[in-house]
Amino acid sequence: FSIPDRITGQTPKLLIVKNESFEGDVKTVFEALTTKLDRYKIPTVIEFVDLIQRTSNGKVDRKFYKNNQ
């Protein structure tokens with residue numbers, strides 16, 4: 001989802017729920033994304049979380065993450 005950015009107005013943010021089998025870090029994820037996505041689609045913020053907050057109807061709670069940057 002997008003978050004506010006001073007220069008472009010909005011920038012992509014990526015949340016990743018880590019599990020035991022994942023041994024990468026932010027650099028690993030960023031490098032993998034650069035081979036798959038156009039440059040402007042690559043998230044500038046990558047955050048590892050234990051659980052993605054959801055609304056009562058099961059969607060990602062974007063307001064929660066925009067307010068807790």
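Two strands pair if DSSP finds at least two bridges between them, and strands (E, at least two residues) as well as helices (H or I, at least four residues) are DSSP runs numbered from the N terminus. The model is predicted, so that local features need pLDDT of at least 70 and side-chain atom pairs count only at pLDDT 80 or more, while totals for chains, interfaces and linings use all residues. Residues are numbered from 1 along each chain as its sequence is written, and side-chain values use heavy atoms, with hydrogens and water left out.

**Exercise 1. Determine in which sense β1 and β2 pair, and over how many bridges.**

Step 1. The pairing of β1 with β2 is antiparallel and runs over 4 bridges; within these strands, P4 stands opposite Q10 of β2.

Step 2. The open sheet as a whole has 3 strands in the order β1-β2-β3, with mixed pairing.

**Exercise 2. Find the salt bridges of the whole structure and state how exposed their residues are.**

Step 1. A salt bridge is a side-chain nitrogen of Lys or Arg within 4 Å of a carboxyl oxygen of Asp or Glu, and the search finds 2 of them.

Step 2. One joins the side chains of K13 and E47, at 3.0 Å from N to O. This pair links distant parts of the chain, since K13 lies in strand β2 (residues 9-17) and E47 in strand β3 (residues 45-49), 34 residues apart.

Step 3. K13 counts as buried because its relative accessibility is 7%, whereas E47, at 30%, is partly exposed (buried is under 20% relative accessible area, exposed over 50%, partly exposed in between, with a 1.4 Å probe and protein chains only).

Step 4. The other bridge is formed by K41 and D38, whose closest N and O atoms are 4.0 Å apart; K41 is partly exposed at 40%, and D38 is partly exposed at 42%.

**Exercise 3. Describe the surroundings of G9.**

Step 1. G9 has its place in strand β2 and is partly exposed, with 41% relative accessibility.

Step 2. Leaving aside neighbours within four places in sequence, G9 is in contact with I3 and P4.

Note on methods:
Contact means heavy atoms within 4.5 Å.
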